[in-house]
Amino acid sequence: MSANPVLEMDSGEKRLNELGYKQELRREMTLFKTMAITFSCISAFSGTPLYGQSLRYAGPATLVWGWVVVSFFTWFVAIAMAEICSSFPTTGSLYFWAAHLAGPRWGPFASWCCAWLETIGVIFAIGAQTYSGSQALQMIILLATGTNKGGGYFASKGVFLCLYMALILIWAVLNTFKLQVIAFLNIISIWWQVFPSTVLCLASFHSKIYICMIVGPRRPSVGFCLIRPSIYGHCLFSNVVGGLLVIVMLPLVAQSTQPASYVFTHFETSPESTGVSSIPYAVILSVLLSIYSLFGYDAAAHLTEETKGADRTGPKAILSSLGIISVFGWAYYLSLTFSIRDLEYLYNADNETAGALVPAQIIYDAFYGRFQNSTGAVVFLCIIWGSYFFCGLSTTTTAARVVYALSRDNGIPFSPIWRKLHPRTKVPTNAVWLCAAIGLLLGLPILKLDVVFTAFISVSTIGWVGSYAVPIFARLVMAEENFKPGPFYLGRASRPVCLVAFLWICYACSAFLLPTFYPLGWKTFNYAPVAVSVVLTVVMLWWALDARNWFKGPVRNIDVRNENY
């Protein structure tokens, strides 16, 4: 007699038990819902605040092709992580992987380093997304009230900080609900980001509904394409269509656009404004936008204990999300670059957006030039702000899971408090509010410093991406016979993939330690090396003086033997 399928144990839960953990979180997430949260964590619009300075460093060609190059190497990292995720579908993900892959001798130390790198990274990522969302709101308010030239309201640093704090508090409150609520909001996020051009068309052409753009050989034309929306069946197709819409929509609205030769081949440095005269250095700084925009896909791994069939679903969500964002992100930055009207005017402090956000000025120029009003620009900026909102919401979800997983293994002070789950929703509510409280404190320097965002993105990238390196390096050097593969297995390709991934991560983290403007001063200094050094020094001293005596890595909470681990 065949087993009753209703009583059959989920494959992800079975593997979790083999690794020594009992099922505590609700396992009710599907592939699409997991992918929705992961997709939101790596929002295509996240690099918008960096666009202006990236364009300034080495021109449009470096920015555009830099995205392609970074995407190529990022795939090695994602594929390596997908293989490990398939073998270790746990909420602890990265630091759990590091502990088991490094073996009993080095496992606790590898786990300790990885856990704290990731914790630093995800918490600073909350700050980065909050800053970006606050800046987008600042631009929306300015353009909606009359622009910088027309007497519009430009939020002061105090008001900016209030916006920053409000966003974090909203995300924290939403994250106290069941994960299904967050998943639903992130499904909205996918559609919010997939069809921005449709909304723009509605705003710009009022009653006319343009669903699909068809670009002819001589000039763009607009036609209709009937698509029956099905969230689950047509997700990837919708994202591809959305990416293509973004490529053509903004340049279509703009009355004057840049030629393809400018976008794809024009290279120029601006040492007079950046202080960077070295061409290789300028190129390195120009691609920081792409590196920053293309990570966060490990969010799928943090949700594996809440996802059905996580040993298969986790890798699929990681790779699918990166694939979508690689195409859609490139489409977005191409759209902006084609729509540039006057490069120098974008940086003028007396322009309509006060020179504060270059993409906002590009969008304003396009819509004002066509319709003599800023309505379309405000709508588009609202779309961008929405992506920050959903991205920050998902990042808060991820950060809370990281803190919960680490506290479950007694890796942070007062662990019993942070690992406590809400009895009804099974959500780590205390961990959510801890992350929110730290995020609020990180925002206080906004009142005095202009380089807060640079510090946020640098520390976030170094910590979060740096944590990827630990399990990938451990997988690279471990004996193959000690690795128990999951359904997604690279076989002999694993070592070369992991080697390329590890080297790329080392380069990416090093790039974010570099000064971004010269001459160096209090207002131009990159504080990331200082912040990272201080935190890591404290963490390493804690390990050497105390933690190495009691921290053994992931703590099993059920007694199930596993011959390999």
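This is a predicted model: local features need pLDDT of at least 70, side-chain atom pairs count only at pLDDT 80 or more; totals for chains, interfaces and linings use all residues.
Biologist: How many cavities of 30 Å³ or more does a search of the whole structure find?

Modeller: Rolling a probe the size of a water molecule over the atoms shows where empty space is left. Applied to the whole structure with a threshold of 30 Å³, the search returns a count of four.

Biologist: Which helices each supply at least two residues of the lining of the second largest cavity?

Modeller: This cavity holds about 70 Å³ of space. Its lining includes Val-70, Thr-74 and Val-77, as well as Val-465, Tyr-468, Trp-504, Ile-505 and Ala-508. The helices that each contribute at least two lining residues are H3 (48-87), H20 (452-477) and H21 (494-511).

Biologist: How do the residues of that lining divide into nonpolar, polar and charged?

Modeller: Among the lining residues are Ile-291, Leu-294, Phe-295 and Tyr-297, together with Thr-74. For the lining of the second largest cavity, the division is eleven nonpolar, one polar and no charged.

Biologist: Where does helix H3 bend, and by about what angle?

Modeller: A straight helix of 40 residues would span 58 Å, whereas H3 spans only 35 Å between its end C-alpha atoms. H3 is also mostly covered, with 31 of its 40 residues buried. A proline, Pro-60, follows the bend within four residues; the bend itself lies at Gly-59 and amounts to about 115°.

Biologist: Is helix H16 largely enclosed or open, and how many of its residues are buried?

Modeller: H16 covers residues 358-371 and reaches 20 Å from its first C-alpha to its last, close to the 20 Å expected. Its buried residues include Val-358, Ile-362, Asp-365 and Gly-369. Because burial means under 20% relative accessible area, each of these falls below that cut-off. H16 is largely enclosed by the rest of the structure, since its buried residues number eleven of the 14.

Biologist: Which residue just after H16 takes a positive phi?

Modeller: H16 ends at residue 371. Just after the helix, a positive phi of about 55° is taken by Gln-372.

Biologist: Is His-422 buried, partly exposed or exposed?

Modeller: His-422 sits in the loop between helix H18 (415-418) and helix H19 (429-442). It touches Val-427 and Thr-429, residues up to four places away in sequence not being counted. Phe-177 is 245 residues from His-422 in sequence, yet their C-alpha atoms are 9.5 Å apart in space. Because its relative accessible area is 30%, His-422 is partly exposed.

Note on methods
Residues are numbered from 1 along each chain as its sequence is written. Side-chain values use heavy atoms; hydrogens and water are left out. On a 1 Å grid over the protein atoms alone, a cavity is a set of points where a 1.4 Å probe fits but cannot get out, and a pocket is an open set with protein on both sides within 12 Å along at least five of seven lines; lining residues have an atom within 4 Å of a point. Grid points are joined across faces, edges and corners, and a volume is the space filled by probe spheres set on the points. Ala, Val, Leu, Ile, Met, Phe, Trp, Tyr, Cys and Pro count as nonpolar, Asp, Glu, Lys and Arg as charged, and the others, Gly among them, as polar. The expected span of a helix is 1.5 Å times one less than its number of residues. The bend at a residue is the angle between axes fitted to the seven residues ending there and the seven starting there. Buried means under 20% relative accessible area, exposed over 50%, partly exposed in between (1.4 Å probe, protein chains only). Contact means heavy atoms within 4.5 Å.
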